[in-house]
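Subject: Structure for you to look at

Hello,

Here is the structure I said I would pass on. My notes on it follow below.

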Amino acid sequence: MNLPSDLAHEFERLRERITRKTSSRWFLEKRREIESLAPYDPDRGRERLDHLLATAVERAPYYAALRAHEQPGLRDFPRIRKNDLREHFLDFVTRDATGRMAPGAFFLSQTSGSTGQPVTLLSTAETGGLLNNVIRERFSAFLGLPDSGTVLNMGLLFPGTPLFEPVMLPRPYVKCNLRGYDPDDPGIVADYEAVVGRFPADQITGSSHRVITLARYCLERGIALRPHGVVATYEHMPDSGRRLVEEAFDCPVTMLYATAETGYAAFECGQGRLHFQDDFVLPEIEAADGREVGEIVLTSLVSTPMPIIRYVTGDLAPRPVECGCGLPGTVTEGLVGRTRSSLVGEDGAVYSPYSLLAALAAAGLPDYQVVQNAPGTLDLVTAGPAEPAAACVRDLNTLLAAYFGAGQGFRLRHRPDQDFQFTASGKRNPVVQHLALPDIPERSAYL
Ligand SMILES: [Zn+2]
């Protein structure tokens, strides 16, 4: 290990803290619970489904109409979309006859993801938190990760996330949080120089494009990280990117499929197929007549505080197949249909859309879509009153011009008169990219 002294000190301090905590009663109880749930169990899955559906019908106002049914099955429930969750949040929350919610440690989470449109979800530590830990334990075992160690995390981070932090569950690890590499951001460059290759990483995890960027970073500098597992999430990984990552880290990539609304739902086996964890998150993949690909619809079986039943994810997958690898669950050949949505600057550089989408959401626009037909120019299609949207575009362009300067980056062009564009499958993406994207790292810091 070769960290700068202040970071080395911090790293050791966290490692000692983790070791201390592993003998606490809290940790031992949590570990026991996770281990008891880790074996795949279809019988318990069916019990969870029955309990969820009964609770939803009895206690969630949204499903009150189903009370007329004798014993409604999954197929009797309507499919729901993000919009339903957004518009009927309170009606999804389960309550008893006196209006009281079930006991537990509740937490609210806000998701925005790639749509830029926030959805609020209600979960409990006993349900949502536990589910994610159990699924993570399953793929940790599959990858053969050590019982405790270090993880290099390239996920989407909140502002102010520390560089090192301890994570106790499902396994005690020191987590090193890195932002997406951006050669133009001195803070990010300094962080990478201080930590990448300077301590052994047992696992590398993060969104696909950031893991690819890290692989390129390591290859260019001759840094040899040798993790036990590389787990990429959130978006489809192109084959060329996967080859690059496997070459850089001498380790296969495992894709993890999760949605903000259901948590972790599936991971990839050694044969490259996605195995859903049906006893926690039950998938339906139904291809319409004659089509090979269907929408992924998920039911989160432990979501009783706020049932997520037959949630249309917007992701597509081929019809389920058999896999001989030995892992259980509904199997599909991997995701299709999630395309990269980077933005191309006038200078040819490639930018992540997330800062822009976040800024548009923060400006309070009711509905919008970013369409790119030419480098450097983003058409912003909006719905609703044009003038407030135009004012938002002026403000954002002032910020973008100040950051990028002439001939660099991109500007918005307001198109209130244009219609939203849909994919062949009828999905409306927040970003529609008509340009071919150069295969270079995405920049993230610009707003
Ligand atoms: Zn398999």
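Aspartate 250 lies in the loop between α9 and β8 (253-259). The model is a predicted one, and in it aspartate 250 has a positive phi of about 50°, although it is not a glycine. Most residues other than glycine have a negative phi. Is aspartate 250 buried or exposed? Aspartate 250 has 11 other C-beta atoms within 10 Å, and the limit for exposed is 12 or fewer, so aspartate 250 counts as exposed.

Arginine 310 is another non-glycine residue with a positive phi, here about 55°. Its place is in strand β13 (residues 308-318). Around arginine 310 there are 18 other C-beta atoms within 10 Å, which makes it partly exposed.

On the backbone there is also a cis peptide bond to note. The bond runs from leucine 169 to proline 170, and its omega is near 0°. Most peptide bonds are trans. Proline 170 sits in the loop between β4 (164-167) and β5 (173-177).

Next, the sheet that contains β13. It is an open sheet of 3 strands in the order β11-β12-β13, and the pairing is antiparallel. Which strands stand at the edges? They are β11 (281-286) and β13; each has a single partner strand, so one side of each is left without a neighbour in the sheet. From one strand to the next the twist averages 25°. Strand β12 (residues 293-300) and β13 run antiparallel and are joined by 6 bridges. One of the pairings is that of serine 300 with isoleucine 308, its bridge partner in β13.

Last, a pair of helices. Two packed helices are described by the angle between their axes and the distance between the axes. For helix α8 (residues 208-221) and helix α9 (residues 239-249) the angle is about 45° and the axes are 9 Å apart. That angle makes α8 oblique to α9, and the crossing of the two is left-handed. On the α8 side, the contact is made by Ser208, Val211, Ile212, Ala215, Arg216, Cys218 and Leu219. On the α9 side, the contact residues are Gly241, Leu244, Val245, Ala248 and Phe249. By type, the residues of this contact divide into 9 nonpolar, 2 polar and 1 charged.

If you open the model, the places to look at are aspartate 250 with its positive phi, arginine 310 with its own positive phi, and the cis bond from leucine 169 to proline 170.

Regards

How values were computed: Residues numbered from 1 in each chain as written. Predicted model: local features only at pLDDT ≥ 70, side-chain atom pairs only at ≥ 80, totals over all residues. Axes fitted to C-alpha atoms, helices over the stretch in contact; angles between N-to-C directions. Helix = DSSP H or I, 4+ residues; strand = E, 2+ residues; numbered from the N terminus. Parallel < 35°, antiparallel > 145°, perpendicular 65-115°, else oblique. Left-handed = near helix turned anticlockwise from the far one by under 90°. Contact = placed C-beta atoms within 7 Å. Nonpolar A, V, L, I, M, F, W, Y, C, P; charged D, E, K, R; others polar. Buried ≥ 20, exposed ≤ 12 C-beta atoms within 10 Å, placed from the backbone. Pairing = 2+ DSSP bridges.
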